[in-house]
Amino acid sequence: MEGLSIFIEQPVRLLQIIVDGILVGSVFALSAYGLALVWGVMKIINIAQGEFVMLGGYVAILIADAGYSPLLGVPLAAMILFCVGWVLYRLVIFRVVDRDLFISILATFGLSILLQQLANQVFGADVRTAESGLVTMSFLDGNITISQIKLLSFFLAFALGGGLWLFLRSSQLGQAIRATAQNARAARIMGIDTNSVYAVTYGLNAAICGAAGALVAMTWVIHPYLGLTYTVRSFMIVVVAGLGNLMGVILAGLGLGTAENIAGFVLGAEYQAAFVFSLLVVILVWRNWRLGLQRRYLK
Amino acid sequence: MGLIAAFGAPIFLPFMTTQIAFLWMMVVFALCWDIMGGQMGYNSFGNIFFFGIGAYVCAVIQRDSGLDWYVAFFLGFGAAAILGVLCAAILGAGILGLRGQYFAICTLGLGIAGGEIASGWDYIGAGSGLSPPLFPGALGMREMFFNYLFLTLALVCFFTLKRVYSGRFGLAINAIRDDEDKAEAMGLRTTRYKIVAWCISAFFVAMCGAAAGNMIGFIDPRDVAFAGVTFGVWMVLMAILGGKGTLWGPVLGALVFHITQELFWTYLLGWQRVALGLLIVVIVVFFPTGILGWLRERRTMSTSGGSEQ
C-alpha cells in the first residue's frame, strides 16, 4: 500500500499514471468495439478476441524484424486478420451462430487455445515488442512523459473505431450488417445474404483487433498468452457500456485503462492481471445485483 | 466386473499407475462439472478454482503443521474439502445469481483470478510455486497410494451423485435447468439448490486438488493449481464428450478423453496442446450431444423408423 502514500506526496505521479492509462485504454476500447459488433450482430461471444489482438501484434513485430516501420503493421495486421477471421468463420464459426450461446463460448475458447498454442509454437513464448523509433516527449519539467507512439496509437485507435462506425453507418454493407443485427430473419427475407454478412462482421472484428494488436506491440508487449486478458477486458467494457453504445465503450475503455494502471501501481505489477480478472467477477455480480434491485422496484 | 478391472488395473499395468490415478481424477472432474453444467444448466468454467484452493490448503497445512506425513495429509485433505465448500457457498451466493453466458464468463474469470492472485502471494510461494513434503513410503508405494485414493474418491463421488440424482434434489436441479423462472414460481428455493449443487461439486474437486498437489509433487499457481486452460476446460470437454446430463456420460467422456490426451502427449511432442485446442473445437462443434446423446439419437431413430427431423 506504499503506492497510495506516494500519490499524496507526489500528485504528479498520479497524473502520469492516469495519462498512461487513458492512452492505453483506447486500445482496450477498440477491441471491445469489435466484441460488441460480433455479439450484437451474430449473438455469439467471441473468446478468441484476445488472440486476434495477439496475432495482430506479431504481424507488427514481423514487419519490424523485416526492417520496415512497425506502423506499416497496423494496416497490414488489419488486412491479414480480416482474412483470418473470414476463414475461421467459414470453417468453424458459421456452425455455432444459431446455436446455444454456451456452444459458441466453448468453441471460440477452443479456437483461442488453438491460436495461442500455435503462436507459442511458431513465435516462441518470449515477450516481444516492436520498436517504433519515435521519441518520448516530456512536460512539466520532465515529471510527465508521454511517448509519441502512445499518443499516436491513441489517435489511431480513435481513427479506426471512427472509421468502422462510419462504415456501419453509411455504406451499403454496413446497413446490411445493422439490418442483420436488428432481425436476421427479416434481413434474409429482404434478400440479404446473412451468412456473408456474418463472415464480413467476424472478419471486421478480427481486423480491428489485429490493428489494436499492432498498436499494442508498439506501445506495450506481446506474448502468446496475453489473449485471454484482452478478451476479458473487452467483455467487461461491453458489459459496463451495453451493446451498441459507442460512447459508453470509449469511456469504459479509457476508464478501465486508468483503473488498471492505478491498481498496478498501488498493488504492485504482479497483481495487475489478478485485478483485471477479479474486476470482471465484481462487475458481473454488481450488475446482477443492480438488475435484482430493479426487479424489486417493479414488484 | 468393472470394479475388479478398476481395482486390479495398477497391478496388471504397474508402469501406468500414475496415468490411471489421473484417469480417476478426470472422472471426478467430469462428474462434478456435470452437476452444474449437465444437470442444472449452469455452465461453469470456474470449478478449477476449488481445485486450486484444495491444492494450496492441503500443501500449506502439510508444510506448517509439522505433523507426521499421513496425519498432516489427511488433515489437509479434510481442510481442503471444508474450505472448498465454504468458498463455493460464499462465492455461490453472489455468482449463482448470474445467468447463461454471464455465469460462464464470470466463472472463467474466477478461475484465472485465483491463479493470478496465488502467483503474487508470497506466503504460498508466489509465482515459483509450492512443493508439498515428500511421501514417506517405499518406492512405488506413492503411486499406489494416490491411485487408490483417487479411485475411492471417484467411486464415492459416483455413488453419491447417483443417490443425489435419483431423489428430490435431482429433480429440483433438473427443473432449474429446464426453466428456472418456472421452478422458482413453483416454490422451489432455486438459489439454495444452486448453492448446494456447487458445494457438492467443490467438495470433491477440492479433495482432488489436495491429493493431486501431492501426487504431482509441485504446485504451480497457473499450470497446476488454477490451470484454467488445461484441467479447467477439460472438465467441460469430458462431460460434453460423454454426454452431459447423464450419470455415465462424464465417466465415459473422461475415459475416452484421457486416453486421447495421453496419446497426444506421446505422439505429438510439442504440438499436443495445439491438437487439444483443435479437439475442443471439433468436439463442441460437431459432437455437442456427446457419445451417449448420439447413441440415444440413433436408438430413437431406429425405433421410430427415422421419421424424426
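Q: Before we start, what should I know about the numbering and the model?
A: Residues are numbered from 1 along each chain as its sequence is written, and chains are lettered from A, with ligands numbered from 1, in the order in which they are written. The model is predicted, and local features need pLDDT of at least 70, while side-chain atom pairs count only at pLDDT 80 or more and totals for chains, interfaces and linings use all residues.

Q: OK, how many helices and strands does chain A have?
A: Chain A has twelve helices and two strands, where helices (H or I, at least four residues) and strands (E, at least two) are DSSP runs numbered from the N terminus. Read from the N terminus on, the order is α-α-α-α-α-β-β-α-α-α-α-α-α-α.

Q: And chain B?
A: Chain B has 14 helices and zero strands.

Q: How does the radius of gyration of chain A go with that of a compact globule?
A: With 299 residues, a compact globule would have a radius of gyration near 19 Å, and the 20 Å of chain A agrees with this. The radius is taken over C-alpha atoms, and the globule rule is 2.2 Å times the number of residues to the power 0.38. Along its principal axes, the C-alpha trace of chain A spans about 65 × 60 × 35 Å.

Q: Which residues touch the most other members of the largest nonpolar core?
A: That core has 208 residues, and those touching the most other members are I208(A), M26(B), V28(B), F29(B), A30(B), A206(B) and M238(B). A nonpolar core here is a set of buried Ala, Val, Leu, Ile, Met, Phe, Trp, Tyr and Cys residues joined through C-beta atoms within 7 Å. Helix α9 (residues 194-219) of chain A gives the largest share of this core, with 17 residues.

Q: What does M238(B) touch?
A: Not counting residues up to four places away in sequence, M238(B) touches M26(B), F29(B), A30(B), P250(B), G253(B), A254(B) and F257(B), a contact being two C-beta atoms, placed from the backbone, within 7 Å.

Q: Back to α9(A): how does it pack with α2(A)?
A: Helix α2 (residues 11-42) of chain A and α9(A) pack at an angle of about 170°, with their axes 9 Å apart. The axes are lines fitted to C-alpha atoms, for helices over the stretch in contact, and the angles run from 0 to 180 degrees between N-to-C directions. That makes α2(A) roughly antiparallel to α9(A), because angles over 145 degrees count as roughly antiparallel, under 35 as roughly parallel, 65 to 115 as roughly perpendicular and the rest as oblique. Among the residues making the contact are V24(A) and L30(A) of α2(A) and I208(A) of α9(A).

Q: New topic: how many residues does each chain bring to the contact between A and B?
A: The contact takes 33 residues from chain B and 33 residues from chain A. On the side of chain B that touches chain A, α5(B) gives the most, with twelve residues.

Q: Is E116(B) buried or exposed?
A: E116(B), which lies in helix α5 of chain B, is buried, with 23 other C-beta atoms within 10 Å. Leaving aside its neighbours within four places in sequence, E116(B) is in contact with A273(A), A274(A) and F277(A).

Q: And I82(B), buried or exposed?
A: I82(B) lies in helix α4 of chain B and counts as exposed, because it has 12 C-beta neighbours inside 10 Å.

Q: Last one: what is the phi of K43(A)?
A: K43(A) has a positive phi of about 60° although it is not a glycine. Most residues other than glycine have a negative phi. K43(A) sits in the loop between α2 and α3 (49-65) of chain A, and with 14 C-beta neighbours inside 10 Å it counts as partly exposed.

Definitions and conventions:
Buried ≥ 20, exposed ≤ 12 C-beta atoms within 10 Å, placed from the backbone.
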